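My notes follow in the order I looked things up.

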Amino acid sequence: AYVVTEACIDVQDRSCMEECPVDCIYPGDRMMYIHPDECVDCGKCMPACPSDAIHWEYKVPAEQAAFVEANAVTVRSN
Ligand code: SF4
């Protein structure tokens, strides 16, 4: 799955939502989150993000690693 990371916080541009073919990107309190079970790994959201906040889960920068779990936990609890 793709993952939204720190650069989205307080930005929430939402261009990613318009690109996602399965509507698996959800707005949270301060950032967007991608549902890992619904994401089909198409990659369309990544170039749409003006903040470069979206990464493929296996290429998330090390310092952003906590966001992999944060995306999953947040969307599954909603
Ligand atoms: Fe949606 Fe594709 Fe991005 Fe997954 S990779 S969140 S399916 S646009």
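Is H35 buried or exposed? I note before answering that the model is predicted. H35 counts as buried, because its relative accessibility is 11% and the cut-off for buried is under 20%.

**Entry 1: H35.** I placed H35 in the loop between β3 and α2 (45-48). I then listed its contacts, leaving out neighbours within four places in sequence. They are C24, Y26, V75 and R76. I also checked H35 against C8. The two are 27 residues apart along the chain, and 15 Å separates their C-alpha atoms.

**Entry 2: Y33.** Next I moved to Y33, which lies in strand β3. Y33 is buried, because its relative accessibility is 14%. Its contact list, again without residues up to four places away, runs to V4, C24, I25, Y26, G28, A70, N71, T74 and V75. I took one of these partners, A70, for a distance. Y33 and A70 are 37 residues apart along the chain, yet their C-alpha atoms are separated by 8.1 Å.

**Entry 3: the core.** Which residues touch the most other members of the largest nonpolar core? I found V4, I25, I34, C45 and I54. This core has 21 residues.

I34 is in contact with Y2, V3, V4, C24, I25, C39, C45, I54, N71 and V75. Among these partners are V4, I25, C45 and I54, which are also on the list of residues touching the most core members.

**Entry 4: the ligand.** Where does the ligand sit? It takes up the space of the second largest cavity. I wrote down the residues around it: Y2, C20, P21, V22, C24, I25, I34, C39, V40, C42, G43 and C45. I then sorted this shell by type. It holds 11 nonpolar residues, one polar residue and no charged ones.

**Entry 5: positive phi.** I looked at backbone angles next. As background, most residues other than glycine have a negative phi. D23 is not a glycine, but its phi is positive, at about 50°. D23 is in the loop between α1 (15-19) and β2. It counts as exposed, because its relative accessibility is 54% and exposed means over 50%.

D41 also has a positive phi without being a glycine; the value is near 60°. D41 is in the loop between β3 and α2. Is D41 buried, exposed or partly exposed? It is partly exposed, because its relative accessible area is 38%.

**Entry 6: two exposed residues.** D29 is in the loop between β2 (25-27) and β3. I class D29 as exposed because its relative accessibility is 79%.

P47 is in helix α2. It counts as exposed too, because its relative accessibility is 67%. My last pair was P47 and E19. They are 28 residues apart in sequence, with 9.6 Å from C-alpha to C-alpha.

Note on methods. Residues are numbered from 1 along each chain as its sequence is written. This is a predicted model: local features need pLDDT of at least 70, side-chain atom pairs count only at pLDDT 80 or more; totals for chains, interfaces and linings use all residues. Side-chain values use heavy atoms; hydrogens and water are left out. A nonpolar core is a set of buried Ala, Val, Leu, Ile, Met, Phe, Trp, Tyr and Cys residues joined through side-chain atoms within 4.5 Å. Buried means under 20% relative accessible area, exposed over 50%, partly exposed in between (1.4 Å probe, protein chains only). Contact means heavy atoms within 4.5 Å. A residue is near a molecule or strand if one of its heavy atoms lies within 4 Å of it. On a 1 Å grid over the protein atoms alone, a cavity is a set of points where a 1.4 Å probe fits but cannot get out, and a pocket is an open set with protein on both sides within 12 Å along at least five of seven lines; lining residues have an atom within 4 Å of a point. A molecule sits in a cavity or pocket if more than half of its atoms lie within 2 Å of its grid points. Ala, Val, Leu, Ile, Met, Phe, Trp, Tyr, Cys and Pro count as nonpolar, Asp, Glu, Lys and Arg as charged, and the others, Gly among them, as polar. Helices (H or I, at least four residues) and strands (E, at least two) are DSSP runs, numbered from the N terminus.
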